[in-house]
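This report describes one protein chain, part by part. Look at the sequence and the model first, then read on.

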Amino acid sequence: MILEAYDDQLDIAEPLWPISTPCARNGTQKYCIYSNPDFADGRGIIFFTSPERAAEVARSSAFTNPAVVRSVPELNAAESPYWRVEYVEGKGMGMIANKNFRIGDHIMSSTPSFMIDYNVFHYVPENQVVQMEADAASTLPANHGAIFMNLSTHDEVDSYETRVAKIILTNSFDIEEKGVVSREDEEEETWYTVFPEISRLNHDCRANADYHFDVTTLTQHIHAVRPIAAGEEITISYVDPILPREVRRKRLETSWHFPCSCSLCMQNEHQTNASDARIWQILELRRQLRDYTPGSAATPAMGELMVSLYEQERLYSSMYEAYTYAALEYNGVGEPWLATKYARLAVQHGLAAGGPEDQDVLVMKELAKDPWSHWSWMLRTRKRMNWGSAVEQ
Ligand SMILES: C[S@@+](CC[C@H](N)C(=O)[O-])C[C@H]1O[C@@H](n2cnc3c(N)ncnc32)[C@H](O)[C@@H]1O
């Protein structure tokens, strides 16, 4: 692995990325630090990626039209009437609600400190990644740098370099977005991303808030997915919530290195067995409801059962999935009113959890507008009765 100076890059030059460090090269692959301290009115942002991706990022709307980023409410707020950062027993710092929130209420929004292309971890040796991350962190504007360097490292660290690496490891979200670099022919890419203020949110298997990323503003948004009372801790789920307890616990131990002590993990044996049984039933129902062949056994009653199981399981951030299944089943047998009821609920809950671009939200908006013209109208009936030329087998 060779470290290369920045100035041999072809198409990335000032003022797109005013600050850089030497690049790492591995065969034809090349990965560099691209830092822009002017991003989001002087908040700053760092990318660790290839020159081609950095060039595309710099052409995206968040860079070419700063007004779109500026228009986000509560953007990068260091303090807020909505929340405060406070020590929480057994979890380190956490975020506490300063007011009551209703489902769908916006809590906070933040732009990243770092966005690291996942390929970096495949092509650049670990010690070099650590050194480049450390060099990059020092390019953040002072205020942003101080917030970033104060984030949790989960456990003790002994050097500046390890601190930066551990902060990134402890606080990153996987941002899987087509569109950060928008090339149709590309597979969806993943960016390992730190949003500093949002990093104070601790885990709960039945979280009361959820997040989604807006690619046009490079912003992570947090919304309430159930009513939150002033004084309650605001939480998100670090793992897929639709997993049996032992699997959730193991994932948290392996990936996050803390034992799960949320209310769901601490239930007694009867409650745990009942919860796990519901999870297995949800997974089986999901398989049947996703089956669109003529032989599918899916019915509206299964959609209703799915909604009930999600409610019993307190799957607040996923409720919109259950409503979506129910809406599609009712529409699939020609019940427009119940289909519309569930489609509206799916949109209401989905906007908070998945955001306006979420696939279920888009499909449910269409269904709620006109169930009769929706692709799902009488789909089950048509398939089972083998009606019409549009029937796929
Ligand atoms: C993204 S940070 C969350 C904020 C962190 N507590 C702080 O002090 O900044 C993730 C770290 O918080 C701690 N953490 C988060 N959720 C937790 C939970 N439910 N129980 C115990 N520790 C938790 C773990 O140390 C984890 O590595």
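## Terms and source

A residue is called buried if 20 or more other C-beta atoms lie within 10 Å of its own, exposed if 12 or fewer do, and partly exposed in between; the C-beta atoms are placed from the backbone. Helices (H or I, at least four residues) and strands (E, at least two) are DSSP runs, numbered from the N terminus.

The model is predicted: local features need pLDDT of at least 70, side-chain atom pairs count only at pLDDT 80 or more, and totals for chains, interfaces and linings use all residues. Residue numbers start from 1 along each chain as its sequence is written.

## Helix α14

Helix α14 covers residues 359–369, and its buried residues are D360, V361, V363, M364 and L367. They lie on the same side of α14 because they cover an arc of only 165 degrees around the axis, where the arc is that of the directions from the helix axis to the C-beta atoms. The face turned away from this buried side carries the exposed residues Q359 and K369.

What do the buried residues of α14 pack against? They pack against α12 (319–332) and α13 (336–353). Here two residues are in contact if their C-beta atoms, placed from the backbone, lie within 7 Å.

## Two domains

The chain is divided into domain 1 (2–236) and domain 2 (269–385); such bounds come from an automatic or database domain assignment. The C-alpha centres of the two domains lie 33 Å apart.

Contact between the domains involves 13 residues of domain 1 and 10 residues of domain 2. On the side of domain 1 that touches domain 2, the elements that give two or more residues are β13 (209–214) and β14 (219–224). The residues of that side divide into 4 nonpolar, 5 polar and 4 charged. In this count Ala, Val, Leu, Ile, Met, Phe, Trp, Tyr, Cys and Pro are nonpolar, Asp, Glu, Lys and Arg are charged, and the others, Gly among them, are polar.

## The ligand and the sheet

The ligand is surrounded by 18 residues, and the closest are G92, M93, S152, N202 and H203. A residue is near a molecule or strand if its C-beta atom, placed from the backbone, lies within 6 Å of it. At least two residues of this shell come from each of β7 (92–97), α8 and β12 (202–203); β7 gives the most, with 3 residues. By class, the shell holds 5 nonpolar, 11 polar and 2 charged residues.

Strand β7 also belongs to an open sheet of 4 strands, in the order β6-β7-β15-β12, with mixed pairing. Two strands pair if DSSP finds at least two bridges between them. The edge strands β6 and β12 each pair on one side only. Between β7 and β15 (residues 233–236) the pairing is antiparallel, over 2 bridges, and M95 stands opposite I234 in β15.

## Residues in loops

S237 is found in the loop between β15 and α9 (245–256). Is S237 buried or exposed? S237 is buried, because 25 other C-beta atoms lie within 10 Å. Apart from neighbours within four places in sequence, S237 is in contact with H203, D204, C205, A207 and S317.

Most residues other than glycine have a negative phi. E74 has a positive phi, near 55 degrees, and is placed in the loop between α4 (66–70) and β6 (83–88). H154 also has a positive phi, near 70 degrees, and is placed in the loop between α7 (142–149) and α8 (160–171). E74 counts as partly exposed because it has 17 C-beta neighbours inside 10 Å, and H154 counts as partly exposed because it has 15.
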